[in-house]
Amino acid sequence: MQLYSTNNPSLRASLAEAVFQALPPDRGLYMPLEVSPLPKSFFGAMTKMSMAEMGFRVCRHLFKGTIPDDDLEEIVYGAINFPAPLVEIDGQISVLELFHGPSLAFKDFGARFMARLMSYFNRGNQQDLVILVATSGDTGGAVAAGFYDTPGIEVVILYPSGKVSLLQEKQLTTLGKNVKALEIDGTFDDCQAMVKQAFVDNELRSKVRISSANSINISRLIPQSFYYFEAVRQAGMDSPPLVFCVPSGNFGNLTAGLLAQKMGLPISHFIAATNSNDVVPSYLESGKYNPGPSTSTLSNAMDVGNPSNFMRMTDLYGQINGLDPLKESTWQAMQSSISGYAFGDAETEDALRRVYLTHDYLLDPHGAVGYLAIEDHLRKSEKSMHAILLETAHPAKFKPDVERILGASIAVPERLARLADAKKEAFSMSTEYTELKDFLLSRY
Ligand SMILES: *Cc1c(COP(=O)(O)O)cnc(C)c1O
């Protein structure tokens, strides 16, 4: 399998290179060179397959022999070991629940797959690979759980002291084994600066093998396409045209849907739903891309002012149509297959309450934004369709907000409740880079 950089299509990398580098040297993003439709026989047999089996076949199709079947099977089946049920909430709208993994958010799919793929490419290396991550909350939890107990890989997570929720902190600091949490006396930006400095420190890099688990890594994107197949399988091949609504921040989830569509999955349309951070909906509306600083909202995992995967989206539409990214024709092509909608916190709270009362279904704030987008889209459109909302996180992850909105207490799944009593273990550190460096040199 070959990948290219969105900044320069002639800059190529192997899958292993793309996975370990995360970003190409020219600061573009890696994309698979060839994404062709899966064979007809696959779609014929799909209804009898598990999500892991579909995932395995998708990877085999994309990777083109880069990884032998037996190993690939182990990677995919190991990563995709929890379900993604499709739950009907009214005749036209269903919810695809992506929160049944260890950290209760869809990021588990990407993190678990990336961990196994890295471990595979790292095999035979005598020296451990150290994954360095700075987190402001959720990413750290998915990465910690995803890489937990992975052979040959150590994880070091930096988080700002007192600036992540109690639950998020527990997700980082209670696993143990190969996961170490560093509690930094500073901000998220300080944590990120320390990690960045480590990557440009040649002396450190000559002694310790470090890599990142950045969200733009192609190995996090590919497995996110699996659950689109799983949704179509559950909806049935004779379903009315399928429209996927994706509550979005960095737009990785939606980009994975575009890849699935390119592989031949029958998706008729996408809905991009955002909170007040609406750069992409306003681009779809006006053709003008105006990134800026993010604003804080209730659906905070979508508080992104300059979505990192936007480059991949324009690249896909430019490429499909033989056009340059950000040309008017790319915009028109994108506009015809993606509709954008944005909503504020007050509407989001109202939707969360309303869906709970009328459909007896509890959404989280990110899902509630998506629900509003589906309602608007159905109102505007005359065609019949089956709208599938990707529910990106479990509502209990946002317990204080959800309980305030409902005015009632909610149930917490066992695996989340258990964390409350688990013992925190973290190393305290100042924002001095040398402290991080000494820590890494003395341990790895
Ligand atoms: C990360 C995240 C999102 C945004 O996903 P993108 O792929 O960045 O668009 C939405 N909801 C939740 C709960 C998330 O954790």
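**Close-ups of a predicted chain**

**Figure 1. The whole chain and its surface.** Residues are numbered from 1 along each chain as its sequence is written, and side-chain values use heavy atoms, leaving out hydrogens and water. The chain holds 20 helices and 14 strands (DSSP runs numbered from the N terminus: helices are H or I, at least four residues; strands are E, at least two). Its radius of gyration is 21 Å, close to the 22 Å from the globule rule for 444 residues, so the chain is as compact as a globular protein of that length (taken over C-alpha atoms; the rule is 2.2 Å times the number of residues to the power 0.38). Buried residues make up 57% of the 444 (buried is under 20% relative accessible area, exposed over 50%, partly exposed in between; 1.4 Å probe, protein chains only).

**Figure 2. Helix α18 and its buried face.** α18 spans residues 399–406, and Val402, Glu403, Ile405 and Leu406 are buried in it. Looking down the axis of α18, the buried residues fall within an arc of 160°, so they line one face of the helix (the arc is that of the directions from the helix axis to the C-beta atoms). Their cover includes α16 (345–359) and α17 (365–380).

**Figure 3. Lys397, in the loop between β13 and α18.** Is this lysine, Lys397, buried or exposed? Lys397 counts as buried, at 14% relative accessibility. Leaving aside residues up to four places away in sequence, Lys397 touches Ser103, Leu104, Ala105, Asp138, Gln171 and Leu416 (contact means heavy atoms within 4.5 Å).

**Figure 4. Gly152, in the loop between α6 (138–147) and β7 (153–160).** Gly152 is partly exposed, with a relative accessible area of 32%. Which residues does Gly152 touch, not counting those up to four places away in sequence? They are Asn122, Asp128 and Leu129. As for Gly110, Gly152 sits 42 residues from it in sequence and 19 Å from it in space, C-alpha to C-alpha.

Methods:
Predicted model: local features only at pLDDT ≥ 70, side-chain atom pairs only at ≥ 80, totals over all residues.
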